[in-house]
Amino acid sequence: MTELAAVKAALKTQAVETPSWAYGNSGTRFKVFAQAGVPRDPFEKLDDAAKVHEFTGAAPTVALHIPWDRVEDYAALAAHAEKRGVRIGAINSNTFQDDDYKLGSICHPDAAVRRKAVDHLLECVDIMDATGSRDLKLWFADGTNYPGQDDIRSRQDRLAEGLAEVYGRLGENQRMLLEYKLFEPAFYTTDVPDWGTAYAHCLKLGEKAQVVVDTGHHAPGTNIEFIVATLLREGKLGGFDFNSRFYADDDLMVGAADPFQLFRIMYEVVRGGGFTSDVAFMLDQCHNIEAKIPAIIRSVMNVQEATAKALLVDGPALAAAQDSGDVLEANAVLMDAYNTDVRPLLREVREESGLDPEPMKAYRSCGWAEKVVAERVGGEQAGWGA
């Protein structure tokens with residue numbers, strides 16, 4: 001197999017998980033702008049997600065968020081997904097939208113509140129069983145706003161205790177993915193603020209506990225690719241939540257703000273074997289002012305482009321330059337791959353896979369947007385209010 005053929009073969013295996021909530025209305029704490037044709041329930045979200053997969057060929061799974069995607073029959077929801085050509089992906093918990101969680105959830109000082117939070121996480125594992133999902137994804141808004149508000153170490157003890165109970169409930173082929181975030185909504189301490197804290201808890205829990213890297217959850221200037229390389233080296237990188245940020249947790253389209261950073265991250269994934277492992281490549285974005293489905297299609301394409309460039313890095317040439325201490329040549333090898341226009345290559349990959357080479361144009365001409373606007377009349381649109 002030639003080098004180019006190997007790159008094409010790798011790209012054909014790439015899978016990017018789309019988030020159900022990205023298909024619903026979203027916004028900021030100031031305003032949520034509703035859009036015509038937005039899904040009204042999880043079944044319609046899956047219908048939209050199926051269109052993304054239909055035109056990209058690279059989005060076969062859809063993450064759910066509980067309770068946003070709660071239904072009476074999860075087996076029926078999974079069957080609906082299969083019928084549409086996709087599958088249920090990660091199950092995301094929600095321990096941040098209940099009045100009881102004002103002072104935290106799994107780290108709350110009140111044992112009754114902690115019990116409520118852990119029970120919700122256990123419910124999510126039940127949903128995993130019913131849908132065939134592999135991953136339980138956990139992000140905790142828990143933290144404090146003022147020094148002295150609560151005991152920092154005690155909160156870590158509570159976190160460890162709750163995680164251990166949920167971990168013990170996981171099935172043989174299920175995983176716990178623990179996400180971290182520097183700040184917000186807590187401003188003084190966040191209980192899982194960085195990859196080191198997440199890694200420490202996952203290491204103690206066991207092999208089925210992995211760290212999730214959300215690309216928008218770091219301080220400005222953080223070298224995310226270093227974190228990725230380290231977690232891959234330790235066998236603890238479970239997945240990504242891809243998005244872009246200019247300031248904080250902006251949740252913009254992946255690759256929109258810093259495509260070079262996305263390339264550097266994907267290079268470390270390829271270099272560290274993450275592309276051929278169980279690392280989950282997930283989107284976690286909100287499309288507040290742009291059309292939902294086209295934005296998600298564009299996001300999948302952005303990940304594909306960064307991956308294609310990463311796969312084109314001349315490994316032997318890079319290693320030779322690094323070993324000889326040729327700083328400029330080593331950098332040039334990376335930059336040559338990054339500056340390659342991979343769009344023709346990806347068009348070829350799509351054509352060879354029986355897909356339209358231009359996913360955005362194909363979607364716009366398929367009539368789906370007009371169809372859902374006409375049909376999804378009445379009822380309550382999916383989303384969250386502000």
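Visitor: How many residues does the largest nonpolar core have, and which have the most contacts inside it?

Guide: In soluble globular proteins, nonpolar side chains tend to be buried together. A nonpolar core is a set of buried Ala, Val, Leu, Ile, Met, Phe, Trp, Tyr and Cys residues joined through side-chain atoms within 4.5 Å. Buried means under 20% relative accessible area, exposed over 50%, and partly exposed in between, with a 1.4 Å probe and protein chains only. Here the largest such core has 97 residues, and Phe140, Leu163, Phe240 and Phe242 have the most contacts inside it. Helix 9 (residues 292-311) supplies the largest share of this core, 10 residues. A second, separate core of 7 residues includes Trp21, Val212, Ala280 and Met282.

Guide: Two remarks on the basis of these values are in order. This is a predicted model, in which local features need pLDDT of at least 70 and side-chain atom pairs count only at pLDDT 80 or more, while totals for chains, interfaces and linings use all residues. Residues are numbered from 1 along each chain as its sequence is written, and side-chain values use heavy atoms, with hydrogens and water left out.

Visitor: With which residues is Phe240 in contact, leaving aside its neighbours within four places in sequence?

Guide: Contact means heavy atoms within 4.5 Å. On that basis, and with those neighbours left aside, Phe240 is in contact with Val212, Val213, Val228, Ile265, Val269, Val279, Ala280, Phe281 and Met282.

Visitor: How is strand 3 placed, and with which strand does strand 2 pair?

Guide: Helices (H or I, at least four residues) and strands (E, at least two) are DSSP runs, numbered from the N terminus. Two strands pair if DSSP finds at least two bridges between them. In this model strand 3 (residues 87-92) is mostly covered, with 5 of its 6 residues buried. Strand 2 (residues 61-65) pairs with strand 3 in the parallel sense over 4 bridges, and Val62 stands opposite Ile88. Strand 3 also pairs with strand 4 (residues 135-138), again in the parallel sense, over 2 bridges; there Asn92 has Lys137 as its bridge partner.

Visitor: Which helices lie in the β-α-β units that contain strand 3, and what is the handedness of these units?

Guide: A crossover is right-handed if, with the strands pointing away from the viewer, the path from the first strand over the helix to the second runs clockwise. Strand 2, helix 3 (residues 74-83) and strand 3 form a right-handed unit. Strand 3, helix 4 (residues 111-131) and strand 4 form a right-handed unit as well.

Visitor: Which way do the side chains of strand 4 point?

Guide: In a regular strand the side chains alternate between the two faces of the sheet. In strand 4, Asp135 and Lys137 point one way, Leu136 and Leu138 point the other way, and all are buried. Strand 4 pairs with strand 6 (175-179) in the parallel sense over 4 bridges, and Leu136 stands opposite Met176 of strand 6.

Visitor: What is phi of Glu184, and what is phi of Asp251?

Guide: Phi of Glu184 is near 80°, a positive value in a residue other than glycine; Glu184 is partly exposed, with a relative accessible area of 37%. Phi of Asp251 is near 55°, also positive in a residue other than glycine. Asp251 is in the loop between strand 9 (237-242) and helix 8 (259-271), and Asp251 is buried, with a relative accessible area of 12%.
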